[in-house]
2 protein chains.
Amino acid sequence: MCYKKAMFILLEPQKRKIPCAPELSLLAALQRRPNLAPPSLCGGEGSCGKCKIKILAGGVSEPSQAEQQLLTPTELVDGVRLACQTFPRETVTISLVEGNALSAEYKTRLALALDNAVVEPVSTKKYLQLTPPAIDDQVADLERIYHALKEQGLAVDDTAPGLLPALPRLVRSADWQLTATLRDRCLVDLEAGDSSGKHYGVAFDLGTTTMAAYLVDLATGRLLAQTARTNPQVTFGEDLMTRLDRAHQGDLATLQQTAVAGLNELLARLLADSGVQARHVQEATVVGNTCMQSLLLGIDPYYAGVAPFVPALQVVPELPAAWLGLQIAAEGRLHLPPLIAGFVGSDAVADLLTLDFDQPQPPHLLLDLGTNAEMALSVEGRVLACSAAAGPAFEGARISCGMRAAPGAIDRAVWDHDRLRCHTIDDQPARGIAGSGLISVAAVLQRAGLLNRRGGLRRRELPEGLQSPDGQGILLAAAEQTANGEPLVLTWKDLGEELVIARAAIRSGIEILLAEARLPWQELARISIAGAFGSFLDIDDALAIGLLPPLPAEQIGGVGNAAGLGAVKILLAAGQRRRARRLARQTSHVELSGYPGFNRVFARHMTLANKTRP
Amino acid sequence: MCYKKAMFILLEPQKRKIPCAPELSLLAALQRRPNLAPPSLCGGEGSCGKCKIKILAGGVSEPSQAEQQLLTPTELVDGVRLACQTFPRETVTISLVEGNALSAEYKTRLALALDNAVVEPVSTKKYLQLTPPAIDDQVADLERIYHALKEQGLAVDDTAPGLLPALPRLVRSADWQLTATLRDRCLVDLEAGDSSGKHYGVAFDLGTTTMAAYLVDLATGRLLAQTARTNPQVTFGEDLMTRLDRAHQGDLATLQQTAVAGLNELLARLLADSGVQARHVQEATVVGNTCMQSLLLGIDPYYAGVAPFVPALQVVPELPAAWLGLQIAAEGRLHLPPLIAGFVGSDAVADLLTLDFDQPQPPHLLLDLGTNAEMALSVEGRVLACSAAAGPAFEGARISCGMRAAPGAIDRAVWDHDRLRCHTIDDQPARGIAGSGLISVAAVLQRAGLLNRRGGLRRRELPEGLQSPDGQGILLAAAEQTANGEPLVLTWKDLGEELVIARAAIRSGIEILLAEARLPWQELARISIAGAFGSFLDIDDALAIGLLPPLPAEQIGGVGNAAGLGAVKILLAAGQRRRARRLARQTSHVELSGYPGFNRVFARHMTLANKTRP
């Protein structure tokens, strides 16, 4: 008999039951359920060591070679395993290993400054008191509503078909007292009684790593609630290119569903926090990079990610929320601002909107730094933009002990009495190093004269205690200061290779944008750094390693979640949507990969020195 | 143990297997599957005797009292039963009793005269040869298509979201040679290669009794195929008011699904006949009376059917075909012309369009006669319309041996050598009498001087052989001439009550329309009778019983399926849709039930005499 017994993963404390099979890794089984799987940098290849889970009960495969290398003996004894390397032999009970929550600090830093935003939403609600029909007034129910709206100065000539079946009963049970919702001269909702004050919208900032969501009152423009979470797609690879590959190889639908599930979970939290009902959330916006946007729409992002880097579309059609499965009002609509290029997405457009890049202003450089660094320059009414493949170093990937800006991540370091002192987010025991910490450590070494121009360490000159016991790199935290009881080490390769490449990519992008605009760096009035990274980054550290042109530090600053703020502005006003569209159209995209002499510029910036010949 | 064994109805020769249960009548079980159930006039109450089936195998309940009255002994011996009265005891094999097919004659008479129709469809197809992208030409896939369309003079600024996921792969696999379909400046389909010549539409005439469908080439305006079938909703009651009640009492969803299934079946036949693919059928139109239209849209028609007779809507929004489940192209659209009132539907608007009621013409009266008779009068640029509740006599209901115009129905009679000779449709053995036959028989009696002015028969003067052996009425056909071997009898009540009421309702409507327009009947230039009934009706017979004002017969005529023709014209041209909308808006509806003195007019016309005081 070939009868298979049903096998499950019992997930604690979530009390979830997920079917699994002996030939399927626990990671693959968990990935079939949105929001449950642990993160994975390598996409399940057993090389990143991030998809840690703990086996509480039940038999599984023996630890693989990869696990023996990537997990500590203590972890192995405790039942900690890599989900991608572990295969169930029977029903198993597991828990996820903590450490992917967003830090409170992160959330605070991304709070929105939503003042003086224009409130002019694309939909309108109106309370109507209709005259009931009579034998000498046989106007149809729908036309009766149209006439009443017209009397209030609101032209309407269409109705969402979904409203029709309930119409005759609704108007009568409501005793002809109704609230109508209109969008683009189309009736999109009808409610009994007066609910004209209940009119809301939700804006999402869909980042590769983090999703943030903002609930706004469309009548007043007031921010009612905000929340954020890790993008649940991280289980398919933390970096963008891994996800792009997974999507191209057949996981597109799963990646889409995962993104939508993540947005819906954020929405549910916002609704719970504010007491707003989903049916009153009529408008939604999502900003994100081109790849995230493609995955959300179920579009294979592959062709935008390989030469000639052509995105599927620039201006996204207005989407019925129901088409995507976004659980707002039945006829709610989702607006995605346009993108600029394959690697300059609608999040960059939202940044530009927030920083008024369509208004005349002194030369202004915007940087949004991540695996992919987007940059834009405003010079004399022109906007130029480019993207540089910085690699995932700043987001924690490819760095031996890298992690993202989560609790326990080293986010900065100082040289204090001949000792390296590292600060961790939320003051937790050290778990790894974030992008800002990496730059900070490099800056410390640079200032102490311990780096040569290529970023190489003058290893012979390293003070005692700075070098790791195994001689493999810099000791960031001793075993007693870390979460897992192992010393935390930044390797020579992390510094001399990964960081140098990231720095070269970004600085090359900046220099090429300036060259295209024929603007000497000295004439820049301002450099703004958007996003989480900009909030954590120490400007002096960034200048110390030459990540930025050597402007005075006071001309450089983080601007918080400019993309999220732009998403909310676009949510609130039709005019802002037109602005975003104009901005995207008018921005000149500079394709670095096709740029003559790019390689020479890049090579020149392969250093951690702060005096670069521009 | 309370374990129920699964029970089924096995339907032969269709080879269908339908679940059933001992507490559910066979009719109710069959009604759960669209298109399989037999017709029912009474909606399953055991009083109409129409839902005949034949038990081929398996045990069922004993014949009820109703069945013993309504079925002949021969039928009972043969296993014929009424499905609404029969309950299964086990799995049973049954067949439907024939006789509900449309006659060939009927179909021929409703052939469309589709000449010189304006061809200006609401969607357009265009073959595009795009320039492939390059590193210095990174225009997005979608915008690349927009630009190519613009070069061909076609403005486009939106895209159906459903096209997005496949877009990048499609354009590349098609090697940038594509056919785009546009509607309202919106891209609604993309196909690899050149399919610009494959562009079709389907028009449906959704009647209470019959559904007809027409497949048209939108490029040439040519009619490619047509077909018709019984409206499968007849199983929920042949007449409109029974269905209206059923819908209001909870069967709305089933009635809707049944209508959609019927349309889809007709569509499938058209596609099979023509070799056209469903994905190339981009446009659809449906005309029908207000109740049929409501049921199709899933709207409870109840409020349009009771005073003050207010329909849910007059102008129907454009509908995504997918919303309704109509199996044309994925982004295909369904257009329903507007209606005029609760009992003057879009079929009447289509009639008016076909007869150019929006053009100046000599006084013209249009009649569309059925259970509900719609009438419209064109006088000096004005259009007035009303509806009269004629009752279902002309459609075969409430008449003891009534049936619709199907094979075996008596459709006319002549007085020949002191004998009544009846003609049946398709020359089949007589099965019942159709509306035109009923009028014909009455006219014969009228001409022979056998009716008094109230429509009462001078029974004592009836010639031998005209009276039925049981003395209950007129013998239409002797036992040896009928399909079931029983004599066919038209009762005194059929003639003196049902026909008289129908005649009075119609004639009252005509007189009130004329009075409202202050037009003496003598000034009518033309009377047109639309629909199947008009095609079968003998004008002289109709004049003989005073159904119509006594114009010369040559000024009166059937105009075939004017509604179906109107539906096709509307399908073919955006301009015709605007015309229909203007016609509906400009037509003045005269509500007879609120008309002062209606009862007096009605009473005056309660006769079968041909000389009525107007």
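**Exercise 1. Find out whether Trp176(B) is buried or exposed, and where it sits.**

Step 1: Start with the accessible area. Trp176(B) has a relative accessible area of 6%, so it counts as buried (under 20% relative accessible area; exposed is over 50%, partly exposed in between, with a 1.4 Å probe and protein chains only).

Step 2: Trp176(B) belongs to the loop between α6 (167-173) and β8 (177-183) of chain B. Helices (H or I, at least four residues) and strands (E, at least two) are DSSP runs, numbered from the N terminus.

Step 3: Check the backbone. Trp176(B) isn't a glycine, yet its phi is positive, about 65°.

A word on ground rules: this is a predicted model, where local features need pLDDT of at least 70, side-chain atom pairs count only at pLDDT 80 or more, and totals for chains, interfaces and linings use all residues. Residues are numbered from 1 along each chain as its sequence is written, chains are lettered from A and ligands numbered from 1 in the order in which they are written, and side-chain values use heavy atoms, with hydrogens and water left out.

**Exercise 2. Work out whether Asp175(A) is buried or exposed.**

Step 1: Look at the loop between α6 (167-173) and β8 (177-183) of chain A, where you'll find Asp175(A).

Step 2: Read off its phi: positive, about 55°, although Asp175(A) is not a glycine.

Step 3: Get the relative accessible area. At 53%, Asp175(A) is exposed.

**Exercise 3. Decide how enclosed helix α11 of chain A is.**

Step 1: Count the buried residues of α11 (residues 346-354). Nine of the nine are buried, so the helix is largely enclosed by the rest of the structure.

Step 2: Pick some out on screen. Among them are Ser346(A), Val349(A), Leu352(A) and Thr354(A).

Step 3: Step past the helix. Asp356(A) follows α11(A) and has a positive phi, near 50°.

**Exercise 4. Describe how chain B meets chain A.**

Step 1: Count the residues. On chain B, 45 residues are in contact with 44 residues of chain A.

Step 2: Take the area. About 3500 Å² is buried between the chains, with carbon and sulfur atoms giving 65%. Buried area is the accessible area (1.4 Å probe) that two parts lose on being put together, summed over both.

Step 3: Look for salt bridges (a side-chain nitrogen of Lys or Arg within 4 Å of a carboxyl oxygen of Asp or Glu). There are two between the chains. Arg169(A) and Asp300(B) form a salt bridge, at 2.7 Å, N to O.

Notes:
Contact means heavy atoms within 4.5 Å.
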